[in-house]
Amino acid sequence: MKILVTGATGYIGKRLIPFLVNKGHHVICVVRDKLRAEKYFFEEDLISVVEADFLKPETLANIPEDIDVAYYLIHSMSNSSKNFQSLEEKCAVNFKNRLEQTNTKQVIYLSGITNEEQLSKHLSSRKNVEEILQSKVYALTIFKAGIIVGSGSSSFEIIRDLVEKLPFMIAPKWLNTKTQPIAVRDVLNFLFKAAGKRSLFNKSYDIFGPEILTYKQMLLQFAEVRQLKRYILTVPVMTAKLSSYWLYFVTSTSYKLASSLVDSMGVQIIGKPSHINNLMNISPIAYKEAVTLAFEKIEQNGIISSWKDSLVSSGRLRSNLHKYVNVPSYGCFKDFKKRSIKNTEQTLNKIWSIGGENGWYYGNFLWRIRGYIDKLFGGIGLRRGRTNPDQLDAGDALDFWRVIYADKSKQKLLLYAEMRLPGEAWLEFKIENKILKQTATFRPRGIWGRLYWYSVLPFHGFIFNGMINKLANA
């Protein structure tokens, strides 16, 4: 079949596409920016890449008409926009209008379980999208999941941060809220097997794992898998705002995402039983098994996608990456350094492994201090790390930077700063004729931007000199 996948650079989309291609389907990946598309999208004969933005109806003409099935995987867990509900609604309306002009027979939508009268803003928005996507032209299949557990998922990474960093937790009362987590591999199985399945046309199903657990039980079972002893005391005095700050400072999440999660975690998420497991011959695995399998992926460096690579994980970059590829020069401060290198390949490998657990090769304590300061001012800090220890692609999160351009064959890496700054900053590594060129560029915003640059100049001299020396001598 010819299958359209929206959200192709997202957590679920990236993982679903290989399933479809391996089955022999021709997959059309819809992306807002081709720079963020996976490299293999352009190398695989069964994949086509289409650039379109569902907030801009005029771009949707790029979507072909000869489609059999379409996946709608567009949604946001960010509160970065006050009117995110209307934006999600607009995306859904534009998607539906365009799909009704094509030959699409089935649309498959991944939503969230909604079984409470008082829904969180995000679950309410997803329910609204379900209603919008209903059509007389194509059939709609809806799968509604709760907490998704897998390497790189937001819930998994946040629980991991809490369990591995805090032997004793004084936690909010919403840790006693019940939920029904499902492994990401089971979600993918449902989505993949649903394509073209007529018995699922115009049907909606809750999909969930075999256990009903509280968030506290999930934390403790996670600790068992990691062979850690953890103690949790829940208290009723934490407000939603305090709970959000608790998650924000302890884990790698942004404050906006923490706030969204707290909003959702106060709502019980229990799936409605149905015959869907038998109908699709799927037996969802237990939570502890899902956690164990997730760590196997991590140990094999096999994480395909991570919530941290979403542009909404920081809220600083809201548009296409190509706007930031051309580093400005007018009105900017620059710190430029160059060194002869001993071994091009080894230096490149070291550049491509920068950040995360490897650190920044010099003055790491100063980088950590900058990360703490960033957190205090509402930024993302250093805790995001990186998805893969030695691979980088455009759009990847890298501590408090975002990868804008990464091409080993052209020996160039360009990063854009997502920490809190009175201006904009870029960091570029480039090798030409066995000379490593390292350029830090800062475009200040007003007098505070200029004062900031001069105040950190002594530290830049220390850090950037040490870093380029380490890289050149790899």
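How much space lies in the second largest cavity? About 30 Å³ lies in the second largest cavity. This is a predicted model, in which local features need pLDDT of at least 70, side-chain atom pairs count only at pLDDT 80 or more, and totals for chains, interfaces and linings use all residues. Residues are numbered from 1 along each chain as its sequence is written, and side-chain values use heavy atoms, with hydrogens and water left out.

**Cavities**

A search of the whole structure finds two cavities of 30 Å³ or more. A cavity is a set of points, on a 1 Å grid over the protein atoms alone, where a 1.4 Å probe fits but cannot get out; lining residues have an atom within 4 Å of a point. Volume is the space filled by probe spheres set on the points, which are joined across faces, edges and corners.

| Cavity | Volume | Lining by class |
|---|---|---|
| Largest | about 110 Å³ | twelve nonpolar, one polar, no charged |

The largest cavity has about 110 Å³ of space. Its lining holds 13 residues, of which I158, I159, L162, Y215 and M265 are the closest to the centre. Two or more lining residues come from each of α5 (154-165), α7 (215-225) and α8 (240-250), and α5 gives the most, with four. The second largest cavity is lined by K14, R36, E38, D393, A394, G395 and D396.

**Strand β17**

Helices (H or I, at least four residues) and strands (E, at least two) are DSSP runs, numbered from the N terminus. Six of the six residues of β17 (residues 412-417) are buried, so this strand is largely enclosed by the rest of the structure. Buried means under 20% relative accessible area, exposed over 50% and partly exposed in between, with a 1.4 Å probe and protein chains only. In a regular strand the side chains alternate between the two faces of the sheet. K412, L414 and Y416 on one side of β17 are buried, as are L413, L415 and A417 on the other.

Two strands pair if DSSP finds at least two bridges between them. Strand β16 (residues 401-407) runs antiparallel to β17, joined by six bridges. The hairpin of β16 and β17 has four residues between the strands, and Q411 takes a positive phi near 55 degrees there. β17 also pairs in the antiparallel sense with β18 (residues 423-432), over five bridges, and a hairpin of five residues joins β17 to β18. L413 in β17 stands opposite A406, and its bridge partner in β18 is F429.

Conventions:
On a 1 Å grid over the protein atoms alone, a cavity is a set of points where a 1.4 Å probe fits but cannot get out, and a pocket is an open set with protein on both sides within 12 Å along at least five of seven lines; lining residues have an atom within 4 Å of a point. Ala, Val, Leu, Ile, Met, Phe, Trp, Tyr, Cys and Pro count as nonpolar, Asp, Glu, Lys and Arg as charged, and the others, Gly among them, as polar.
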